[in-house]
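Hello,

Here is the structure I promised to pass on to you. Please open it next to these notes, which go through what turned up in it.

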Amino acid sequence: IQVLLQDLHSGGPELRYSALAALGQAGDGELRSELEPVLASADLKLRAQAAAALGRLGDRRAIPALLPLLPDAQPPAPPGSAQDQQHVRLAAAEALRRLGEPRGAQTLEQLLGGTDQDAQLRAALYFCAHGPPGVQRVLEAYLQRSGLPEATVLSILSCAARAGSRTAQQRLHAQLREDGPPESQLAAAVKLALLGDTAGLAYL
């Protein structure tokens with residue numbers, strides 16, 4: 001832990017991102033005081049990573065520090081940073097929902113019904129099978145787009161299948177049977193196995 005904290009406070013950007021990700025997995029609420037100051041960093045990606053880490057730590061005492069990062073509390077984003085600012089808001093909303101703060105879920109629902117398609121998708125993937133009715137609509141709309149990275153398509157299909165979409169599960173089966181790269185088949189098998197699907201489990 002001490003090495004990670006040293007990386008967080010004095011390392012370069014990539015090292016700090018990695019340290020935050022690892023510290024968030026530590027499950028030690030006492031790390032909250034080390035992570036909260038990072039929410040004020042000029043590096044918006046670092047802010048988002050810190051918000052996510054605080055959510056994973058599970059210490060509800062972080063709620064007051066996370067609330068100012070929600071959309072209705074944020075000042076206008078500086079030019080060129082709107083996407084990074086949106087990532088901060090999403091990370092804060094997801095963290096607050098993890099911590100049981102209702103305004104986190106409310107913010108995610110607002111983003112789900114908004115006009116920012118990337119924010120809609122991330123909110124939909126976060127809610128997945130346990131969200132409002134708009135989740136399936138967003139997922140299905142995204143699957144109609146061309147040129148999506150394979151990892152994104154797999155995440156959408158997995159989420160839709162968990163929400164009960166037979167079509168999504170059939171598409172995962174099709175990828176498993178295709179004569180494509182073994183990595184693609186393996187990725188589909190993992191998603192299916194997580195659903196308890198016998199074909200995915202048999203492949204693994």
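Gln175 counts as buried, because its relative accessibility is 13% and buried means under 20% relative accessible area, with exposed over 50% and partly exposed in between (1.4 Å probe, protein chains only). Before going on, please note that this is a predicted model, in which local features need pLDDT of at least 70 and side-chain atom pairs count only at pLDDT 80 or more, while totals for chains, interfaces and linings use all residues. Residues are numbered from 1 along each chain as its sequence is written, and side-chain values use heavy atoms, with hydrogens and water left out.

Gln175 sits in helix H11; helices here are DSSP runs (H or I, at least four residues), numbered from the N terminus. Setting aside neighbours within four places in sequence, Gln175 is in contact with Glu150, Leu154, Ser184, Gln185 and Ala188, where contact means heavy atoms within 4.5 Å. Gln169 also belongs to H11, which covers residues 166–177. Gln169 is buried too, with a relative accessible area of 18%. Beyond its neighbours within four places in sequence, Gln169 is in contact with Ala161, Leu192 and Asp197.

**The disulfide**

How many disulfides does a search of the whole structure find? There is 1, taking a disulfide as a pair of cysteine sulfur atoms within 2.5 Å. The partners are Cys128 and Cys159, with their sulfur atoms 2.3 Å apart. Cys128 lies in the loop between helix H8 (117–127) and helix H9 (134–143), and Cys159 in helix H10 (residues 150–162), so the pair ties together parts that are 31 residues apart in sequence. Both Cys128 and Cys159 are buried.

Helix H2 (residues 13–24) has 12 residues and reaches 17 Å from its first C-alpha to its last, close to the 16 Å expected at 1.5 Å a residue; the expected span is 1.5 Å times one less than the number of residues. Its buried residues are Tyr17, Ala19, Leu20, Leu23 and Gly24. Seen down the axis of H2, these fall within an arc of 165 degrees, so they line one face of the helix; the arc is that of the directions from the helix axis to the C-beta atoms. They pack against helix H1 (2–10), helix H3 (32–35) and helix H4 (44–57).

In H1, the buried residues are Leu5, Asp7 and Leu8. Viewed down the axis of H1, they fall within an arc of 160 degrees, so they line one face of the helix. Gln2, Val3, Gln6, His9 and Ser10 are exposed on the other side of H1. H2 and H3 are among what covers the buried residues of H1.

Ala95 is in helix H6 and counts as buried, at 2% relative accessibility. Not counting residues up to four places away in sequence, Ala95 touches Ala51, Gly55 and Leu66. The C-alpha atoms of Ala95 and Ala62 are separated by 9.3 Å, although the two are 33 residues apart along the chain. Gln83 and Lys45 are 38 residues apart in sequence and 10.0 Å apart in space, C-alpha to C-alpha.

Best wishes

How values were computed. Helix = DSSP H or I, 4+ residues; strand = E, 2+ residues; numbered from the N terminus.
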